[in-house]
Amino acid sequence: MANSGLREPVPVKALLIAGAVAYVTLMLLLPLGAVLTEAFKKGWDVWLAAINTPDARASIKLTLIVATISVPLNTVCGVAAAWAIAKFDVPGKAVLIALIEVPFSVSPVVSGLVFVLLFGAQGWFGPWLAEHDIHIIFALPGLVLATMFVTFPFVARQLIPLMTAQGRADEEAALTLGASGWQVFWRVTLPNIRFGLLYGVLLCNARAMGEFGAVSVVSGHIRGETNTMPLQVEALYNDYDFVAAFAVASLLTLLAIVTLALKSALEWRHRDQLAAQH
């Protein structure tokens, strides 16, 4: 049975391989190549000038700020959720797992509308926020909340299967030897999950920087203030400033390539531990 694939006819193998290569080329390589080609076709100087405008710099800065806030918070929450689910018999474990999956089941646009319903001027808390001069929608807090919602599952989903597969034996042994709860976490649990954690953080960060739907709803599209990089690309494209749009898009493309390279490196160096997640 293990060698049954070797007896497949050569034409079948060739057809399957050609189909896979064609699909990857059509869906991945051609779009990436088109973005980079359009971004640099007028030269390095034009590309540099396009990403050095005040609005482009503001969008890059805002994207980094949103990711810097949301990714660490989601990392802490994801680790806590995975630790509770995998290492303890907590009530409502199935409900908690289902809640973690909710952002993957809800459209990002819908999640953005939910935050508008809650914190918008006509929302549930809108009058109170306006009375106290607190701005969430069309401001940085709204962008962070929307980004945190759509990226929350990445860390937890990477860690729950890994920590479940590892079991509780190491932690129980450490407790038996007199370690405190925090000592068990920092010296036993965290070292065992560090590569899975890095993997989840990479995916979370890539999604945070590239998120469009949710932040589009809560941002207000204020150039130089609430436009992240994906929103800036849309604004430039709608203005028919294609070179600048592709220049900013190329930064996101390069980010995706770097993330993919780091992800592949982690999988290659620690494939045994990552395989335990599945």
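User: Why is N227 called buried?

Analyst: This is a predicted model, and in it N227 has a relative accessibility of 3%. Buried means under 20%, so N227 counts as buried. The residue lies in the loop between α11 (213-219) and α12 (229-238).

User: What does N227 touch, not counting residues up to four places away in sequence?

Analyst: N227 touches S59, L62, H221, I222, Q232 and A235. Each counts as a contact because heavy atoms lie within 4.5 Å.

User: Why is T147 called buried?

Analyst: T147 has 0% relative accessibility. The cut-off for buried is under 20%, so T147 counts as buried. T147 is in helix α7. Leaving aside neighbours within four places in sequence, T147 is in contact with V66, S70, N74, A208 and V215.

User: Which residues line the largest cavity?

Analyst: The lining consists of T63, V66, T147, A208, M209, E211, V215, T228 and P230.

User: How many cavities of 30 Å³ or more does a search of the whole structure find?

Analyst: The search finds one. About 40 Å³ of space lies in the largest cavity.

User: How is the lining of the largest cavity divided by class?

Analyst: The lining has five nonpolar, three polar and one charged residues. Glu counts as charged, and E211 is among the lining residues.

User: Why is F138 called partly exposed?

Analyst: F138 has 47% relative accessibility. Partly exposed is the range between the buried cut-off of under 20% and the exposed cut-off of over 50%, so F138 counts as partly exposed. F138 lies in the loop between α6 and α7. Phi of F138 is near 65°, a positive value in a residue other than glycine.

User: Why does P127 count as exposed?

Analyst: P127 has 52% relative accessibility. With exposed set at over 50%, P127 therefore counts as exposed. P127 is found in helix α6. The C-alpha atoms of P127 and V116, 11 residues apart along the chain, are separated by 13 Å.

User: How many residues does the largest nonpolar core have, and which have the most contacts inside it?

Analyst: The largest nonpolar core has 24 residues, and I100, L159 and M163 have the most contacts inside it. At least two residues of this core come from each of α3, α8 (153-166) and α10. The element that gives the most is α3, with eight residues.

User: What makes this a nonpolar core?

Analyst: The term applies because the set consists of buried residues of listed nonpolar types, joined through side-chain atoms within 4.5 Å. As for L159, not counting residues up to four places away in sequence, it touches V79, A82, I193, G196 and L197.

User: Where is L190, and how far apart are the C-alpha atoms of L190 and V79?

Analyst: L190 is in helix α10. Leaving aside neighbours within four places in sequence, L190 is in contact with F185 and L197.

User: Which residues form an aromatic cluster with F185?

Analyst: W83, F88, W182, F185 and W186 form one aromatic cluster. Rings pair if their centres lie within 6.5 Å, and by this rule the count comes to 13 aromatic pairs.

User: How many helices and strands does the protein chain have?

Analyst: The protein chain has 14 helices and zero strands. Buried residues make up 37% of its 278 residues. Of the contacts with a separation of 6 or more, 73% are between residues 24 or more positions apart.

Note on methods: Residues are numbered from 1 along each chain as its sequence is written. This is a predicted model: local features need pLDDT of at least 70, side-chain atom pairs count only at pLDDT 80 or more; totals for chains, interfaces and linings use all residues. Side-chain values use heavy atoms; hydrogens and water are left out. Helices (H or I, at least four residues) and strands (E, at least two) are DSSP runs, numbered from the N terminus. Buried means under 20% relative accessible area, exposed over 50%, partly exposed in between (1.4 Å probe, protein chains only). Rings of Phe, Tyr and Trp (its six-membered ring) pair if their centres lie within 6.5 Å; planes under 30 degrees apart count as stacked, over 60 as edge-to-face and the rest as tilted. On a 1 Å grid over the protein atoms alone, a cavity is a set of points where a 1.4 Å probe fits but cannot get out, and a pocket is an open set with protein on both sides within 12 Å along at least five of seven lines; lining residues have an atom within 4 Å of a point. Grid points are joined across faces, edges and corners, and a volume is the space filled by probe spheres set on the points.
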